[in-house]
Amino acid sequence: MASTRDWFESVAEAQRRAKRRLPKSVYLALIAGAERGVTLEDNVNAFSELGFRPRIADLPQNREQATTLFGQDISFPVVISPTGVQAVRPEGEVAVSRAAAGAGTMTGLSSFASKPIEEVIEANPNTFFQMYWVGSKDRILARADRAKKAGAKALVVTLDWTFAHRRDWGAPMIPEKMDLKAMIRFAPEGITRPAWLLDFARNGGIPDLTIPNLVEQGEEAPTFFGAYGEWMGTPLPTWDDIKWLREEWGGPFMVKGIMHPDDARRAVDIGATAISVSNHGGNNLDGTPASIRALPAVADAVGTQVEVLMDGGIRRGSDVVKALALGAKAVMIGRAYLWGMAAGGEKGVANVLSILRSGIDEALLGLGRSSIHELTREDLIIPENFTRVPKK
Ligand SMILES: Cc1cc2nc3c(=O)[nH]c(=O)nc-3n(C[C@H](O)[C@H](O)[C@H](O)COP(=O)(O)O)c2cc1C
């Protein structure tokens, strides 16, 4: 079915619509990758190197996609990856979560998100909370406690952030505050994107870029730079620190950002219940291979000791199927839903999730698999050196 005004048929079309609707700086912040963007591109392109081995008869009439994650049922193996500082639509993570709940899947909420966790969990009770290692242990614990009280189903700690700021394409300026000076500076961008501007104007004004989930509920939220400053001033965590947090939390706990099998084993050692093979969507150390290349070795290193997720470059249902065949239990998506959100708000996110669900179903049919749980590496044609694992 061809795209219509209210419906798009591919994630690529959602991206085109996002580009047309968002002010340039907001759009650039979504598509950003560190430095030259080598990892960013590889995350997407590596999927094209993987081939399928389709079958043509005795195909299954019905195909099953349901699975579990963090002890929760999800209707298909795609969840919302946490993304911070969204200025895409005024409803922000609440609308994303409504769409995720509607699709029967989980929301990952960033501690750098724009909406309070309590509102997000009201929209989707199946939410997990993601944090970076920011501030004193007392403050970290206070955030985890708030998430627990709000009903978060799991805690995720993201460790792949090396404060990489340089971007060859020119990083957009993030203002300290949306004051008059900043508004004048951004006015030319806003004027060329009236629909975006009007939407915010009608719904509480221009995004103020404060971060509500880093403090106690109801306390004044820090600005983005205030929060980032606290982060940069925090000593880097050790595995013992992560173990401490895992023990304090007590429930399902994921380490996000794993690219090395040794780190996957360390995550198992400290008692993590899940890991995400991820390079922060190409926003960390540029030159890191695509997450999908790292997935097989990481999955082999941990077996069934933890739930293995992956994220980075998922744009199609067939990408999800490739990741599952290489050992992931589920995938997380970032930019795909942000573009959907920009293009159509809650409906746009639901649209993206539905594109992925149909794409998974088509790939399962083509492969003659009646369930995502039947997928194996035998379903793929994997070129030599795909994984880029150095020979010993
Ligand atoms: C705009 C943006 C903001 C992000 N913010 C966070 C964040 O706050 N916490 C986090 O763990 N990951 C963050 N990520 C990384 C995503 O969770 C995810 O790893 C990545 O987007 C996956 O790649 P994809 O965008 O190609 O799907 C962010 C990514 C983007 C694009």
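Which residue forms a salt bridge with R293? The partner is E49, and the closest N and O atoms are 2.9 Å apart. A salt bridge here is a side-chain nitrogen of Lys or Arg within 4 Å of a carboxyl oxygen of Asp or Glu. The pair links distant parts of the chain: R293 sits in helix α12 (residues 291–302) and E49 in helix α3 (residues 38–49), 244 residues apart. Helices (H or I, at least four residues) and strands (E, at least two) are DSSP runs, numbered from the N terminus. R293 counts as buried, at 0% relative accessibility. E49 counts as partly exposed, at 35%. Buried means under 20% relative accessible area, exposed over 50%, and partly exposed in between, with a 1.4 Å probe and protein chains only.

A word on the model comes next. This is a predicted model, in which local features need pLDDT of at least 70 and side-chain atom pairs count only at pLDDT 80 or more, while totals for chains, interfaces and linings use all residues. Residues are numbered from 1 along each chain as its sequence is written, and side-chain values use heavy atoms, with hydrogens and water left out. The pLDDT is the predictor's confidence in each residue, from 0 to 100. The chain averages 94, and 99% of the residues score at least 70. Among the elements of the chain, helix α7 (residues 180–191) has the lowest mean pLDDT, 75. The highest, 99, belongs to α13. Where pLDDT is low, the predicted coordinates should not be read in detail.

Back to the charges. Side chains of opposite charge can pair when their charged atoms come close. The structure holds 20 salt bridges. One of them joins D199 and R89, at 3.5 Å from N to O. This pair also links distant parts of the chain, 110 residues apart. D199 is in helix α8 (residues 194–202), and R89 is in the loop between β4 (78–80) and α4 (92–102). D199 is buried, with a relative accessible area of 14%. R89 is buried too, at 12%.

E307 and K329 meet in another salt bridge, 2.8 Å from N to O. E307 lies in strand β10 (residues 307–311) and K329 in the loop between α13 (317–325) and β11 (330–333), so the pair ties together parts that are 22 residues apart in sequence. E307 is buried, with a relative accessible area of 16%. K329 is partly exposed, at 27%. Elsewhere, E13, R16 and R17 are linked in a network of salt bridges.

How many residues of α13 are buried? The count is 9 of the 9, so the helix is largely enclosed by the rest of the structure. Among the buried residues are G317, D319, K322 and A325. After α13 comes G327, whose phi is positive, near 120 degrees.

Now the rings. A pair of aromatic rings is described by the distance of the centres and the angle of the planes. Rings of Phe, Tyr and Trp (its six-membered ring) pair if their centres lie within 6.5 Å; planes under 30 degrees apart count as stacked, over 60 as edge-to-face and the rest as tilted. The structure holds 11 aromatic pairs. One is F70 with F128, an edge-to-face pair at 5.2 Å centre to centre, with 70 degrees between the planes. The two are 58 residues apart: F70 is in the loop between β2 (67–69) and β3 (72–74), and F128 is in strand β6 (residues 127–131). F70 is buried, with a relative accessible area of 4%. F128 is buried as well, at 0%. Seven residues form one aromatic cluster: F112, Y132, W161, F224, F225, Y228 and W231.

Some rings meet a charge. A charge sits over a ring if NZ of Lys or CZ of Arg is within 6 Å of the ring centre and within 35 degrees of the ring normal. The charged end of K137 sits over the ring of W244, 4.7 Å from its centre. K148 lies over the face of W249, at 5.2 Å from the ring centre.

Last, the lining of the largest cavity. Its residues include I80, Q86, V96 and Y337. Both α4 and β5 (107–110) supply at least two residues each. The largest share, 4 residues, comes from β5. A cavity is a set of points, on a 1 Å grid over the protein atoms alone, where a 1.4 Å probe fits but cannot get out; lining residues have an atom within 4 Å of a point.

Key:
1 Å grid on protein atoms, 1.4 Å probe; cavity = no way out; pocket = protein on both sides within 12 Å on 5 of 7 lines; lining within 4 Å.
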